[in-house]
Structure formats: structure tokens, C-alpha cells
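Please study each task before turning to its solution.

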Amino acid sequence: HIVRPLQRAENKCMNRVLGHIHVDNAPTFDLQKDLATFFTSNKISSEYWSVKDLARPKELQAVGSTTASKSKVVDERADPSQAVVEYRPGGAVAVKPGSGAGANAKGALVPRKAPEIPKPKWHPPWKLMRVISGHLGWVRCIAVDPSNQWFATGSVDRLIKIWELGSGKLKLSLTGHISAIRGIAISDRHPYLFSAGEDKTVKCWDLEQNKVIRHYHGHLSAVYGVTLHPSLDLVVTCGRDSTARVWDMRTKACVHTLAGHTDTVSSVACRAMDPQVITASHDST
């Protein structure tokens, strides 16, 4: 808004000077055009100084058309500002950094593959078959008999219940724990069921006599999990005392105490090959 009055004033002054000196063939000045050129050059030098030397779009197209068959890769490490990433409608193309101006151009432009999402296989929808109720508190653990004829559940109501797998009928209730039951394991080589509870004990139940035949004492706090070694007569338990303990099934002796966790060991698993004992803890390990 200030430029236009200045332009009119300058035009008047220039015409007034030329009228006084009466010079023939005096040069004519287009002050508006000169001012526009001045402001444009000033703006380019002050605001676009970092990109004013780059090639224009038409020149880039010309260079791209002439070098389509033989591309030239600019070394990003030598001059990162000169690195060019080409875009194609089919997908983005990335430029690999070369070893210099004479880097090998073959394989420099690598198409980026779209991530492949596996398609899930269809299966018939699952339906609820049966709801079994009978416990008076939270059911904290469950184990299925290797013969697939029955399964056992342990609950906060201090009971172990054995259910028929086909019909869901209650077959037996075992009492003996004085606190919540947190783990159950069924042996596939002996007629034994092992239970672990918050009363710091692990019990071995003889399913032929339906009574406790062995107690395993040694945990300093609640026992949260129990499992059996697949090939040895060993019982492995874990608990809130941050340890996992390995017991001899027959002598009831604690063979090993596995320490190292700094918080509750919530779960344990055994396998025949190394590592034979795997533990999970509340210390995020």
C-alpha cells in the first residue's frame, strides 16, 4: 500500500526533471517495472537464497527424460542436500547412499513392498456347550486328565472338584487345603493329582484312595503354581516368595531352590529338554 504513492511521486519528479532540461531523445524510465524487479530480486536473495540455485521443474523433467536409461546417484553422505527421492504412483522409491558421484546406479532405486497381512482361515463359529457351576468362590485353576475322561478345578473355597468331561456332572470333592487353591497338576504316569495353595503347602492326592498321601513343605509364602516334569519323578512349584522349588516326588525332599526373581513367581513350566524349567514372574521377567 505504501509502494504505489511512492511510484506516483517518483514518476512526477522524473517527468518534471525531463521537462526542465529539454533534452532531445531523453531516456524514458519505467519506474514501476524497475521497482518490481528490485523487490523480486531482494525477496529471492533474502528468502530463497538456499534454493535459488536448484534446477527448475522443467529442467528437472528434461534431465529425468534424458537420463531415464542411465540414472545418476548422488552421494547423500557427501552432500545430503543434493539427495533426491523419486516418487512413482505405484509406490515410493528410496535412494540408497552411494560411495561417491560415480557410484553404481544399478539397484540404487529399490521399490518398497507393501506389508502383507495374513488372511485368517474360516472355521465354523464356536458355541457355548455347557456352563458348569458348583464352586462357592473364584475358580483359580483347572487341569484335564490325560485320558480325557474327567477334569479337576481348584477354587478359593478351598475345594478341589472333579467333574466328568462328557456330561459335566460332579464326581468328587476333595478337601484338605485351609486356603485358596492356586494350582493343579495331574500326572500321566501315576494316579496322582498335585495341588498348590495359598496355605504354603503342596499336596499329593492318591486318586485311587481319594486322600492326601504326601505334603511338600518349604515355601515361605503362598504357592501360586505347580507342574510335573514330563520324564522324571519331579514336582516343580513356584510362589510368592520369589522362588521356584524342585521336589522329589517320592521322598518329598526339595532338590533345588531356583532363586533369581525379585518378585512373585506366578507360573512355571517344565519340558524334557533344556531349558527344563521356565518361570514367569511379576518382576516383568
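Two strands pair if DSSP finds at least two bridges between them; strands (E, at least two residues) are DSSP runs, numbered from the N terminus. The model is predicted, so local features need pLDDT of at least 70, side-chain atom pairs count only at pLDDT 80 or more, and totals for chains, interfaces and linings use all residues. Residues are numbered from 1 along each chain as its sequence is written, and side-chain values use heavy atoms, with hydrogens and water left out.

**Exercise 1.** Describe how strand 14 and strand 15 are joined.

*Solution.* Step 1: strand 14 (residues 244-248) and strand 15 (residues 254-258) run antiparallel and are joined by four bridges. Step 2: across the pair, Val246 stands opposite His256. Step 3: five residues lie between the strands of this hairpin, where Lys252 takes a positive phi near 65°.

**Exercise 2.** Identify the residues with the most contacts inside the largest nonpolar core.

*Solution.* Step 1: a nonpolar core is a set of buried (under 20% relative accessible area, 1.4 Å probe, protein chains only) Ala, Val, Leu, Ile, Met, Phe, Trp, Tyr and Cys residues joined through side-chain atoms within 4.5 Å. Step 2: the largest has 13 residues, and Phe194, Tyr216, Val226, Leu228, Val235 and Met249 have the most contacts inside it. Step 3: strand 9 (192-197), strand 10 (201-206) and strand 12 each give two or more residues to this core. Step 4: a second, separate core has twelve residues, including Ile162 and Ile184.

**Exercise 3.** List residues that Val235 touches.

*Solution.* With contact meaning heavy atoms within 4.5 Å, and residues up to four places away in sequence not counted, the partners of Val235 include Phe194, Arg245, Val246 and Trp247.

Methods: Buried means under 20% relative accessible area, exposed over 50%, partly exposed in between (1.4 Å probe, protein chains only).
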